[in-house]
There are 2 protein chains.
Amino acid sequence: MEKVNLEQKFGLFSEHWSPKIVGELNGQHVKLAKLKGEFIWHKHENEDELFFVVKGILKMEFRNKTVYVHENEFIIVPKGTEHRPVTDEEVLVMLFEPISTVNTGNENTELTKTILEKI
Amino acid sequence: MEKVNLEQKFGLFSEHWSPKIVGELNGQHVKLAKLKGEFIWHKHENEDELFFVVKGILKMEFRNKTVYVHENEFIIVPKGTEHRPVTDEEVLVMLFEPISTVNTGNENTELTKTILEKI
């Protein structure tokens, strides 16, 4: 029952596209990630995924549209939905998603993180 | 797949201690609430509960300690843990918890909200 300070946690890492676990509840993880550049197209077969933007502007690409998510906004990507996060500048996000969620979903690439650090 | 802007959603209601649903994923709800004053002591038998403070300072009382949660901080209250949210000034929070969660947990009082509005 300790509180978590986002700024303090974001200060503990610098790498992009490498989510860190900062909380767990009800079978879900709370993660923080730093994003920059273009990620890959992927989908999560069984998991909905929430992106809350803490800093910057996240461009979330879908096959049929693009949504720009600003600070203090979130977007929920439903399971089975192909998406690609893209950013111009560095973006800080908080993620809510099931513990089972793998960052690259159905794609297995060098960007895939199967073991996440708890910070 | 529409984004949700917290400031816009908070502008849609004014009452205290009445969470509004702004998102749903993986059997969980994302809720927004405005808190002011003292809530009641309660616990949730089966649900962990996350409080993310968007504005203000939330005083979260437990039986054995008190945690002050500031803006851009969150606290997870584990299931079965008695707690009481208290604020001096109005506090805006985002909640993340199972759909089954009732605001007053094991207590049934005039503060209990069994049907929540989606905004």
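1. The largest nonpolar core holds 49 residues, and Phe51(A), Val93(A), Phe51(B) and Val93(B) touch the most other members. A nonpolar core here is a set of buried Ala, Val, Leu, Ile, Met, Phe, Trp, Tyr and Cys residues joined through C-beta atoms within 7 Å. Buried means that 20 or more other C-beta atoms lie within 10 Å of the residue's own, exposed means 12 or fewer, and partly exposed is in between, with C-beta atoms placed from the backbone. Strand S8 (residues 83-98) of chain B gives the most to this core, with 6 residues. Strands (E, at least two residues) and helices (H or I, at least four) are DSSP runs, numbered from the N terminus.

2. This is a predicted model, in which local features need pLDDT of at least 70, side-chain atom pairs count only at pLDDT 80 or more, and totals for chains, interfaces and linings use all residues. Residues are numbered from 1 along each chain as its sequence is written, while chains are lettered from A and ligands numbered from 1 in the order in which they are written. Chain A averages a pLDDT of 96, and 100% of the residues score at least 70; pLDDT is the predictor's confidence in each residue, from 0 to 100. The model has an ipTM of 0.95 and a pTM of 0.96.

3. Setting aside neighbours within four places in sequence, Val93(B) contacts Ala33(B), Leu35(B), Phe51(B), Phe52(B), Val53(B), Val54(B) and Leu58(B). Contact means that the C-beta atoms of two residues, placed from the backbone, lie within 7 Å.

4. Chain A superposes on chain B by a rotation of 180° with 0.0 Å of shift along its axis (RMSD 0.0 Å). The two copies are thus related as by a two-fold rotation axis.

5. Chain A and chain B each put 25 residues into their contact. On the side of chain A that touches chain B, S7(A) gives the most, with 5 residues. Because 100% of the interface residues of chain A are also interface residues in chain B, the copies meet through the same surface.

6. S7(A) pairs in the antiparallel sense with strand S1 (residues 4-5) of chain B over 2 bridges, and Glu73(A) has Asn5(B) as its bridge partner in S1(B). Strands pair if DSSP finds at least two bridges between them.

7. Within chain A, strand S5 (residues 58-62) runs antiparallel to S6(A), joined by 4 bridges. Lys59(A) stands opposite Tyr68(A) in S6(A), and a hairpin of 3 residues joins S5(A) to S6(A). S5(A) also pairs with S8(A), antiparallel over 4 bridges.

Methods:
Copies are superposed by least squares on the C-alpha atoms of residues with pLDDT of at least 70 in both.
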